[in-house]
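Work through each task before reading its solution.

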Amino acid sequence: YKVKYAPYKREDNANLGLIVVLQDITNEHKLDMMRKEFVANVSHELKTPITTIKSYSETLLESSLEEEEVNHFISIINRENNRMERIVADLLQLSNIDYGNSNWHIEEIDTYSAIGETLESLSLLIDEKNLSIKLDIPMDIKDIFADKHALNQILMNIISNAVKYSNADGKINISATSNHFNVNIKVQDNGIGIPEEDLNRIFERFYRVEKSRSRSMGGTGLGLSIAKELIDAMGGDIKIQSQLKEGTTVTLTFKAA
Ligand code: ADP
């Protein structure tokens, strides 16, 4: 609590007592802490690629290396640069959601095609890990009422996580159902799962269960928070259930057209 007080006086200045104001600053304090933590996270996430790029480019400039080494160093610089690009693109997207600048165009989108397009973009990764994908979408599924770009991004973030955090030869089930009001999409993997103690923090910006594992897969730790913020802004819902080493199920709810 923040405490403010002032003497309480009568018109002739005689003291009657004290006026005490107790202000609950817990929320204010919490927000302040979150802001600080966010800035610290952004700085840290960008510092790593910057340091790597700096040291590799300095070595390239200062020493005469074999062509093979030169190429290796350049590919590292390129990879780290791509990582920074992804982080900044994700941050810009979050900031656009924060400021409500998303310029949405809400339209009717075919549920089957939206899922199909996402899977197509991920087909290389899916083949690499030899994952089997099972789709369970009824013929009479309703269209989704959403912004196409936002919907694609949500599906991409969720389905790419299922792919990233699956083991080789894993199985991913994607099912959809609809009623008069909503279209529900369930993405279920039998991958590494999420420990129970991490589940309620998983939607926080930059939160990851295993930093190094996420990084090595190109993750920024922002994918789930972007998905949640987009879906909240569209009046939908996202739920995640998981069992460590058993797998994860994400359920998305959209408005039906
Ligand atoms: P990242 O870019 O690291 O994948 P996300 O915000 O998309 O960031 O996810 C946050 C963290 O949640 C991930 O680092 C990972 O630890 C965990 N996670 C998300 N989806 C899954 C999943 N399907 N299976 C296991 N862990 C997951």
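**Exercise 1.** Is Phe206 buried or exposed?

*Solution.* The model is predicted, so local features need pLDDT of at least 70 and side-chain atom pairs count only at pLDDT 80 or more, while totals for chains, interfaces and linings use all residues. Residues are numbered from 1 along each chain as its sequence is written, and side-chain values use heavy atoms, with hydrogens and water left out.

Step 1: take the cut-offs, where buried means under 20% relative accessible area, exposed over 50%, and partly exposed in between (1.4 Å probe, protein chains only). Step 2: Phe206 has a relative accessible area of 3%, so Phe206 is buried. Step 3: find its place, the loop between helix H6 (196-199) and helix H7 (211-216). Helices (H or I, at least four residues) and strands (E, at least two) are DSSP runs, numbered from the N terminus. Step 4: look at the backbone, where Phe206 has a positive phi of about 75° although it is not a glycine.

**Exercise 2.** Describe Lys245 by its phi, its place and its exposure.

*Solution.* Step 1: Lys245 is not a glycine, yet its phi is positive, about 65°. Step 2: Lys245 sits in the loop between E8 and E9. Step 3: its relative accessible area is 72%, so Lys245 is exposed.

**Exercise 3.** Which residues touch the most other members of the largest nonpolar core?

*Solution.* Step 1: a nonpolar core is a set of buried Ala, Val, Leu, Ile, Met, Phe, Trp, Tyr and Cys residues joined through side-chain atoms within 4.5 Å. Step 2: the largest one has 49 residues, and Ile154, Ile158, Ile185, Leu252 and Phe254 touch the most other members. Step 3: helix H5 (residues 148-164) gives the largest share of this core, eight residues. Contact here means heavy atoms within 4.5 Å.

**Exercise 4.** How do helix H3 and H5 pack?

*Solution.* Step 1: the axes of H3 (residues 111-121) and H5 are 10 Å apart, at an angle of about 55°. Axes are lines fitted to C-alpha atoms, for helices over the stretch in contact, and angles run from 0 to 180 degrees between N-to-C directions. Step 2: this angle makes H3 oblique to H5; angles under 35 degrees count as roughly parallel, over 145 as roughly antiparallel, 65 to 115 as roughly perpendicular and the rest as oblique. Step 3: the contact involves Ala114, Ile115, Glu117, Thr118, Leu119 and Ser121 of H3, and Lys148, Leu151, Asn152, Leu155, Met156 and Ile159 of H5. Step 4: Leu155 has a relative accessible area of 0% and is buried. Beyond its neighbours within four places in sequence, the contacts of Leu155 include Ala114, Ile115 and Thr118.

**Exercise 5.** What covers the buried residues of H8?

*Solution.* Step 1: the buried residues of H8 (residues 223-233) are Leu224, Ser225, Ile226, Ala227, Leu230 and Ile231. Step 2: their cover includes H2, H5, strand E8 (237-243) and strand E9 (247-255). Step 3: the axes of H2 (residues 67-98) and H8 come within 10 Å and cross at roughly 25°. That makes H2 roughly parallel to H8. Step 4: Asp90, Gln93, Leu94, Ile97 and Asp98 in H2 meet Ser225, Ile226, Glu229 and Leu230 in H8.
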